[in-house]
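Hi everyone, thanks for making the time. Let me put the structure up on the screen, and then I'll walk you through it.

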Amino acid sequence: MKKLIIVVGIVAVLGIIIGLYLYNKPSEFKSTGKPDFEVNLAEFTKEGIEKPDSIFNKKYVGKSVRFSGIAQEVKDNEGSISIQLTTEQEEVVVLAGFHSSTSNEVKSLKAGDKVQLQCECNGVSKPEDEEDLLSEIVFTLSRCSKI
Amino acid sequence: MKKLSILLLSVFLFIHTNAQNFSTNTGNVKFLSRTTLETIESTNKQITMILNTKGNVQIVVPINSFEFEKELMSTHFRENYLETSKYPNAIFKGAIVNMKGVNLNKPGTYKVQVKGNFNLHGVFKSETINGVITVTKDVIKVAADFNVKCSDYGITIPSSVVSKVNNEINVVLNADLKASIN
C-alpha cells in the first residue's frame, strides 16, 4: 500500500512538472528542423495564385516551408526584420518575417542578396474583386530562419 | 487642337477620378486580453493596410503572424480559437466617415471615424473605429485603439480558461503608409 502511494505520488509530481513545463514553454520564434515542404518560390506563388485560397491555405498555413529567393527589400520594423523577396510578377509580394530575437541573422542582408530561408506559412491574401483596394497578391511567412 | 483639348480633359478627369493609394505590408497590431488571473499580449508586425484619398480603407491581418510569449497560447490561439487553417486572414474594409475634413496630401493631424465590415473567423460584422491620421512629408501614420468581442465573431473561449481570457480584446493598430501605385 505504501509503495502504491509512493508510485502515485511520483506520477502526480511528474504530471505537474510536465504540465507546468508545457504551459510555460516559450514560443518558438524560429522555424527549424525538417521542413514540411521544400518549394521553388516561383512554383509556390503560382500554386497560390492559381488554386482557390481555401485549398492553398489548408495545405500550407501553419506548415514550415523551405525555399530560396532573392531579397528585393529588407525592412526593419521596430527591431523585427521583414524581407520582401523578388517575384516574377510585380503584383505578387512574398514577405518573410523574422522575430526580433532572430533578426540579427539577416540584418546585414541587402537587396539583391540570395537567401535560403525556412519559414512558417501564414497564407495568401488576394484581391476579392475589381473594387478591392488590395491590388497585390500577398504571401505572408513568419518565424523565418536563414539556412 | 480639339483632339488635344479632349486628351488633356481625359487626363485631368483620370487624375481626379482615380484616388491615390497609400499602403504598407508591415503595419503593427497589438492585442491585449486582461483578466484578474492573466494578462495576454500579442503582436503582429505583418499587416497590410491600404488607404486612399477618397477615404477608403482596407486592412488584412494574417492571423498566424501574431507572436505570443508562450507556445501553448500560440497553439490554442491558432488552432482552437481562430482556426487559422480555415480563416487565415482577418479583413477590414471600410471608409472614413468624416473624409471632408481630411487631406492626405497636407501635413497635419486628423481625427477620423471609420465605418466598415470586419471579417474575423469567417464572421462579418459592421464596426466603427476611431483613429488618428498624422500626415507628414514622407509618411502617413495611422493609429487606432478599439475593442473586439470574441463572442461577436463566433470565437468560443473554453470554460477551463474563461477566467484567463477576456471576451473583450483591446486592439491597438499602428501603421506607416507610403504612396503606392494603384
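Within chain B, 60% of the contacts with a separation of 6 or more are between residues 24 or more positions apart. Please keep in mind as we go that this is a predicted model. Chain B has two helices and eight strands, and if you follow the elements from the N terminus, the order reads α-β-β-β-α-β-β-β-β-β. The chain has 182 residues, and 48% of them count as buried.

Over all chains, the structure holds 13 aromatic pairs. Take Phe92(B) and Phe118(B): their ring centres are 6.4 Å apart and the planes sit at 55 degrees, so this pair is tilted. Phe92(B) belongs to strand β4 and Phe118(B) to strand β5, residues 108-120, so the pair ties together parts of chain B that are 26 residues apart in sequence. Both of these phenylalanines, Phe92(B) and Phe118(B), are buried.

Now, Phe118(B) has another partner, Tyr153(B). Here the ring centres are 5.5 Å apart with the planes at 75 degrees, so Phe118(B) and Tyr153(B) make an edge-to-face pair. Tyr153(B) lies in the loop between β7 (140-149) and β8 (168-180), while Phe118(B) is in strand β5, so this pair ties together parts of chain B that are 35 residues apart in sequence. Tyr153(B) is buried, as is Phe118(B).

Phe37(A), Phe44(A), Phe56(A), Tyr60(A) and Phe139(A) form one aromatic cluster.

On to the interface. How many residues of chain B are in contact with chain A? There are 34, and they meet 39 residues of chain A. The size of an interface is often given as the accessible area lost when the parts come together. For these two chains the buried area is about 2800 Å², with carbon and sulfur atoms giving 45% of it. On the chain B side, the residues that lose the most area to chain A are Asn25(B), Gln46(B) and Glu71(B), together 20% of what that side buries.

What about specific interactions? The rule finds four salt bridges across the interface of chain B and chain A. In one that joins Lys93(B) to Asp132(A), the closest N and O atoms are 3.0 Å apart. In chain B, β1 (21-34), β2 (39-52), β3 (56-62), α2 (71-81) and β4 (89-96) each supply at least two residues of the side that touches chain A. By type, the residues on that side of chain B divide into nine nonpolar, 16 polar and nine charged.

Arg143(A) is not a glycine, yet its phi is positive, about 50 degrees. Arg143(A) is in strand β6 of chain A, residues 137-146, and at a relative accessible area of 11% it is buried. Glu83(B), also not a glycine, has a positive phi of about 45 degrees. Glu83(B) lies in the loop between α2 and β4 of chain B, and with 25% relative accessibility it counts as partly exposed.

That's my tour, and I'm happy to take questions.

Terms used. Residues numbered from 1 in each chain as written. Chains lettered and ligands numbered in written order. Predicted model: local features only at pLDDT ≥ 70, side-chain atom pairs only at ≥ 80, totals over all residues. Heavy atoms only, no water. Contact = heavy atoms within 4.5 Å. Buried area = accessible area lost by both parts, 1.4 Å probe. Salt bridge = Lys/Arg side-chain N within 4 Å of Asp/Glu carboxyl O. Helix = DSSP H or I, 4+ residues; strand = E, 2+ residues; numbered from the N terminus. Nonpolar A, V, L, I, M, F, W, Y, C, P; charged D, E, K, R; others polar. Phe/Tyr/Trp six-rings, centres within 6.5 Å; stacked < 30°, edge-to-face > 60°. Buried < 20%, exposed > 50% of the residue type's maximum accessible area, 1.4 Å probe, protein only.
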